[in-house]
Amino acid sequence: MPDNKKFMENLSGTGMSIGVLTSGGDAQGMNAAVRAVVRMGIYVGAKVYFIHEGYQGMVDGGDNIKEASWESVSSMLQVGGTVIGSARCKDFRTREGRLRAASNLVLHGITNLCVIGGDGSLTGANLFREEWSELLDELVQSGEISEEAAQTHSVLHIVGMVGSIDNDFCGTDMTIGTDSALHRIIEVVDAIMTTAQSHQRTFVLEVMGRHCGYLALVSALACGADWVLIPEMPPEDGWEEQMCHKLSENRADKKRLNIIIVAEGAIDQSNQPITTDYIKDLVVRCLGFDTRVTILGHVQRGGTPSAFDRILASRMGVEAVLALLEASPGTPACVVSLCGNQAVRLPLMECVQMTQEVQKAMDEKRFDDAMKLRGRSFENNLHTYKLLSHHKIDAEVPHTSFNVAVLNVGAPAAGMNAAVRSAVRVGITEGHTMFAVNDGFEGFYKGQIKEIHWGDVGGWTGQGGSLLGTKRTLPAKHIDKIAEQMRIHNINALLVIGGFEAYLGLMELQAARSKHAELCVPMVMVPSTVSNNIPGSDLSIGADTALNAITSTCDRIKQSASGTKRRVFIIETMGGYCGYLATVGGLAAGADAAYIYEEPFDIRDLQSNVEHLTEKMKTSIQRGLVLRNENSSENYTTDFIYQLYSEEGKGVFDCRKNVLGHMQQGGTPSPFDRNFGTKIAAKAMQWISKKLNEFYSEGRVFANTEDSACLLGMRRRALVFQPVTQLKDEIDFVHRIPKEQWWLKLRPLMKILAKYKTSYDVSDSGQLEHIARLRAKDHSAI
């Protein structure tokens, strides 16, 4: 290992006491964060205390502050809300209340706090930290604590994690609970769509978000809503007429239903609220449509956390403990958050001030500023929604003479259809004629190509699988016929949505350009596969849905084991040779071990896992969960591991095995996959338009450069176009995986949370970034 790496083994928490509390409104995933803080804290040798009922428990003291044990956070991962309770606390707002809280913390020796809550809770924590030394002086004077105790506890360290379903906190891409709330909203919208379809109804849905329209905007994007109203963007005067025109236009376009999504804080230009009833009456009065209102309310806060929220919260919890371990007396209170797929630390008050600036801008009717302050991710969502929602009349479309074909290649993945819909509509908006190719490259050479229109892709976002049809066939053997079809249909650009075969296919098409001028057109690939094994992209469409399928199945399996006790389940996941689903699924489901190809294992490892589970059965957690990637080892098969565990565990635990199979490829796409698919395909289409203009000369398109055949991938914090030829060196072609994979650094987390001693590289952690600098780097965030 190079010397510049920094390992967690050098950080010790011996003698430290950490208090963990959840405050303000609850959010799914808070429990996963609490669990991670407790286990990571105990792992590094610190004492960890639950502070029950938020700040109220800190003020009241007594039984509200209890030491946590490893087992006390078992089975919390899959539970929504917060197990340690949360309360809105008036007492803590008074100095008297904070004085009592300080006294209770000193009593337990706590000088490190992990606060999980919204901006109010985090602001309160910062004020408490600033007053800490004065509060201690006061306690010494009144004789409640000794001079010595005040010296020992002279500095209070605070790390915040944002738990809020509204995603209204600046500086973090996603707050804990947002993704789960989107899951609840989309489940309801999908259900409502089927009944609305039957009766040709219009539904007005109110979602949470008093000051922030994130949930409304993203769910509108994820279900293809006809209209959305959010506090950051009050509609222009006369919007009522525009909206009714749009609804009746959609009905005329053979659409049997309309969905309007309203954030509870939606306002008009004069800051007056826009209510769901007002919209309903408007639609009934102007159009006479059968219209119903559904207010989602607290359903959005409830239910089990999504896989994304569990992983986010687990990573944040571990990062929070690391931040406390590294804190020195001068370290400002920080927030651990996520930027792209990277954990970052930001100064707490910078984030809070920026969050408050958004509200101030909205109060002062500076709505454009409010939108910019929300961050690039919010702006991009809005930009994509606007691109896709308005079907322009022919006169408005800048008609080009370009034909663009879209196809799916490889195995089906949830979210492919959302990507196709987005590409088709953005293409039409940009003035191109769009063609759909059925059944991948196989359909291509057979001539299964037809024009596809705006209305043809209506309602596609929520559909699983691939509606265009997809095959694993590669183009090389049929290259002459494919070139001929390109000529017949005069195809000027290609958008390929698919997995590893799509990448190989694009390479083959590019290699054949020297023989076939028809293939000298801009080509771009959007990664879409449950395996998440595409070079040049940290994530691919479909992987999130598969993770949620794995996680919910593991939850059920764990529940069945908690009834029978002393049972270990061996579960086989998909992924080819890529261990992404097994590893990240293991982290989200709380697995004891995950066997993958990228981390070779032998009989000694299997033996130590069996011994570890044997020890675990002596505690109160009498069940085990082991994941195995389908191709992790040629000889240590799922059956072999099952038989080994069964034999070695005789008399201590019994075993069951489960192969999850194709259920990981099916199901309706998760909100994340719908949005990721929608945004990445829209960006790909805009790139195609740019390249078509660039390579058009003398009446035709001719693109023969390296950068005219690209893969659009998500890298760390941004979406990047990368020439496919340049990615060649990054791939292990035999096993169809990238040589370097970012998620491997999550493996030690899973092991630590399952009580294994392991080496954890923390070189990435620890730099306190600043919010302004972060925004500057963020130019192509998704």
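This section describes salt bridges in a predicted model. Side chains of opposite charge can pair when their charged atoms come close. A search of the whole structure identified 33 salt bridges.

Arg747 pairs with Glu599, with the closest N and O atoms 2.9 Å apart. Arg747 belongs to helix H24 (residues 747–753), whereas Glu599 is located in the loop between strand E19 (593–595) and helix H20 (603–616); the pair therefore ties together parts that are 148 residues apart in sequence. With a relative accessibility of 3%, Arg747 is classed as buried because the value falls under 20%. Glu599, in turn, is partly exposed, at a relative accessible area of 29%.

Lys691 is buried, its relative accessible area being 7%, while Glu694 counts as partly exposed at 46% relative accessibility.

In the pair formed by Asp290 and Arg292, the closest N and O atoms lie 3.3 Å apart. Asp290 is partly exposed, with a relative accessible area of 30%, and Arg292 is likewise assigned as partly exposed, at 37% relative accessibility.

Beyond these pairs, salt bridges also link Arg95, Arg98, Glu131, Glu134 and Glu138 in a network.

Technical notes: Residues numbered from 1 in each chain as written. Predicted model: local features only at pLDDT ≥ 70, side-chain atom pairs only at ≥ 80, totals over all residues. Heavy atoms only, no water. Salt bridge = Lys/Arg side-chain N within 4 Å of Asp/Glu carboxyl O. Buried < 20%, exposed > 50% of the residue type's maximum accessible area, 1.4 Å probe, protein only. Helix = DSSP H or I, 4+ residues; strand = E, 2+ residues; numbered from the N terminus.
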